[in-house]
Amino acid sequence: GDTLVQGTLRQFVANSNAITGNNTMKFVPALVQNAGSSTYWSITSNSTLPSNSVNITDNGTTIDGTAYSLTDATTVIDSNSGTLGYSGTVGVGADGVLGTADDVSITSVNKPELELISTTGPGTSGLFINAQNGTIQNMAVLGFGNPSAGFSQITGNIASNISNMNVNNNIIGTRANSLNSPGLTQGFGLDIAVAGSNIQIKNNVISNGVEAGVLIWTANTVGV
């Protein structure tokens, strides 16, 4: 659940914020899957906590939704098997000719085993990154944001002048097992309002946003 007790996502972030240096989350669930016909784990954000956002302030924090077996903490669990999104070529390459070898290829994203969802209506961002060298990967995030205020599912904050932020292999704006509309009021998919550099947004599925899938407020290096 979304509580400030040891073993939860929010408590990991609180611990990471308090401990200087790189901190990587390792998701080793002790409870059975609670969503998607018992195929993945879903955390419903609890708006009664000090903030609906999970606010990351320590440099070098990695949020990774990969699930590991409680038996040995090394065996990867793939209970939410399959992929979401399109896999194949899109558009044309440098030669401007459709169907030739230089066309751009994209791949679908593995369905994640961890989902963070808000069902409380318009609010703040889900994962709020206020630090350097942050990584969000291998999870679903949805139901957050406020389209009128610009809040989103995942936000990089301009006030922190962050650099080297990575948002990879996520399902953003929809449930961890389907691209169907979740029926929630949502803000942007990603709001990257940063004054830093080397921001990588790679291999994500972004859907069901109210306004923009990715909103970038920077003139610096961004790889999508």
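Is arginine 175 buried, partly exposed or exposed? At 28% relative accessibility, arginine 175 counts as partly exposed, where buried means under 20% relative accessible area, exposed over 50%, and partly exposed in between (1.4 Å probe, protein chains only). The model is predicted, with pLDDT of at least 70 needed for local features and 80 or more for side-chain atom pairs, while totals for chains, interfaces and linings use all residues. Residues are numbered from 1 along each chain as its sequence is written, and side-chain values use heavy atoms, without hydrogens and water.

The structure holds 1 salt bridge, defined as a side-chain nitrogen of Lys or Arg within 4 Å of a carboxyl oxygen of Asp or Glu. Its partners are glutamate 115 and arginine 175, at 2.8 Å from N to O. Glutamate 115 belongs to strand β11 (residues 114-117) and arginine 175 to the loop between β17 (171-172) and β18 (188-192), so the pair ties together parts that are 60 residues apart in sequence. Helices (H or I, at least four residues) and strands (E, at least two) are DSSP runs numbered from the N terminus. Glutamate 115 is buried, at 0% relative accessibility.

The largest pocket holds about 520 Å³ of space. A pocket is an open set of points on a 1 Å grid over the protein atoms alone, where a 1.4 Å probe fits, with protein on both sides within 12 Å along at least five of seven lines; lining residues have an atom within 4 Å of a point. The volume is the space filled by probe spheres set on the points, which are joined across faces, edges and corners. The lining comprises 21 residues, with Gly7, Thr8, Leu9, Phe27 and Pro29 nearest the centre of the pocket.
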